[in-house]
Amino acid sequence: MGTPQINSGRKKRHRALRLCFSLLLIILVVAAVWTWWVYSQIVYFAHMDQAAPSDAIVVFGAAEWDGKPSPVLRARLDHALTLYRHGIAPLMITLGGDGGDQYTEGGVGRNYLMSQGVPEAAIIAETQSRNTSESSRRVAVIARTNNLRRLLIVSDSTHLFRIHAICAADGLNVFTSPRPQAVIAGRPRDFYRYAHEIIAYTLWRMRLE
């Protein structure tokens with residue numbers, strides 16, 4: 001007497017399992033396609049140097065060590081300095097807030113550029129932002145305040161796609177120029193850098209960052 005009901009219950013469970021499996025498969029496929037698209041955009045910007053005459057060169061911050069630029073920050077600053085000396089732009093903007101001590105990344109960047117001969121009047125130091133999104137928003141404020149229409153962004157190669165996207169969303173006309181890599185990173189390090197950017201960009205698009 002109870003067999004039809006048992007069979008009916010099993011069929012419902014099987015249908016539910018098939019539905020869950022199908023939904024999971026769809027989610028995995030969408031996630032894979034999204035990850036590949038973001039990765040391809042990161043690679044595209046990482047290998048493209050758009051350096052051209054601009055209103056300002058914008059250097060995104062990185063760690064500072066007790067008032068001195070870390071190797072990564074120094075590499076970014078040196079690349080921006082080379083562009084400045086080639087007449088790419090008359091103004092430089094350094095970004096980055098509290099570095100964990102009494103100094104800021106933006107302030108350390110300004111001081112380093114001045115030590116290399118850049119006039120203080122040719123540098124704007126932003127010293128409040130704590131991450132890429134905040135730095136990009138601060139750049140938008142600085143650009144509008146100073147009537148800067150074309151900006152050249154300098155940072156690490158894998159960082160540039162996310163910066164470009166955030167700045168473009170704020171209505172800025174930005175171009176990118178990756179700083180040279182001092183050493184060839186190993187595969188584990190490369191994986192971390194790309195994974196970090198994919199996750200960070202996804203969170204930004206989801207408005208969770």
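**View 1. Ser-135, a buried residue of helix H4 in a predicted model.** Ser-135 has a relative accessible area of 5% and is therefore counted as buried, the cut-off for that class being under 20%. The residue belongs to helix H4, which spans residues 132-145. Leaving aside residues up to four places away in sequence, Ser-135 touches Phe-60, Leu-95 and Ser-129.

**View 2. The second largest pocket, with Ser-135 among the residues nearest its centre.** By residue class, the lining of the second largest pocket divides into 3 nonpolar, 8 polar and 3 charged residues.

**View 3. Helix H3 and the elements against which it packs.** Helix H3 covers residues 105-115, and its buried residues are Glu-105, Gly-106, Gly-107, Val-108, Gly-109, Tyr-112 and Leu-113. After H3 comes Gly-117, which has a positive phi, near 100°.

**View 4. Strand S1 and its pairing with strands S6 and S4.** In S1 (residues 56-59), Ala-56 and Val-58 point one way while Ile-57 and Val-59 point the other way, and all are buried. S1 pairs in the parallel sense with S6 (residues 151-155) over 4 bridges, and here Val-58 stands opposite Ile-153. The pairing of S1 with S4 is likewise parallel, over 3 bridges, and Ile-57 has Met-92 of S4 as its bridge partner.

**View 5. Aromatic pairs around Tyr-201.** A search of the whole structure finds 10 aromatic pairs. One of them joins Trp-37 and Tyr-201 in a tilted arrangement, with 6.4 Å centre to centre and 45° between the planes. This pair links distant parts of the chain, since Trp-37 lies in helix H1 (residues 3-46) and Tyr-201 in helix H6 (residues 187-205), 164 residues apart. Trp-37 counts as partly exposed at 36% relative accessibility, whereas Tyr-201 is buried, with a relative accessible area of 3%. Tyr-201 also forms a tilted pair with Trp-204, at 5.7 Å centre to centre and 45° between the planes. Because Tyr-201 and Trp-204 are 3 residues apart in helix H6, about one helical turn separates them, and both are buried. Ring pairs link Trp-34, Trp-37, Tyr-44, Phe-45, Phe-161, Tyr-201 and Trp-204 into a cluster.

How values were computed. Residues numbered from 1 in each chain as written. Predicted model: local features only at pLDDT ≥ 70, side-chain atom pairs only at ≥ 80, totals over all residues. Heavy atoms only, no water. Buried < 20%, exposed > 50% of the residue type's maximum accessible area, 1.4 Å probe, protein only. Helix = DSSP H or I, 4+ residues; strand = E, 2+ residues; numbered from the N terminus. Contact = heavy atoms within 4.5 Å. 1 Å grid on protein atoms, 1.4 Å probe; cavity = no way out; pocket = protein on both sides within 12 Å on 5 of 7 lines; lining within 4 Å. Nonpolar A, V, L, I, M, F, W, Y, C, P; charged D, E, K, R; others polar. Pairing = 2+ DSSP bridges. Phe/Tyr/Trp six-rings, centres within 6.5 Å; stacked < 30°, edge-to-face > 60°.
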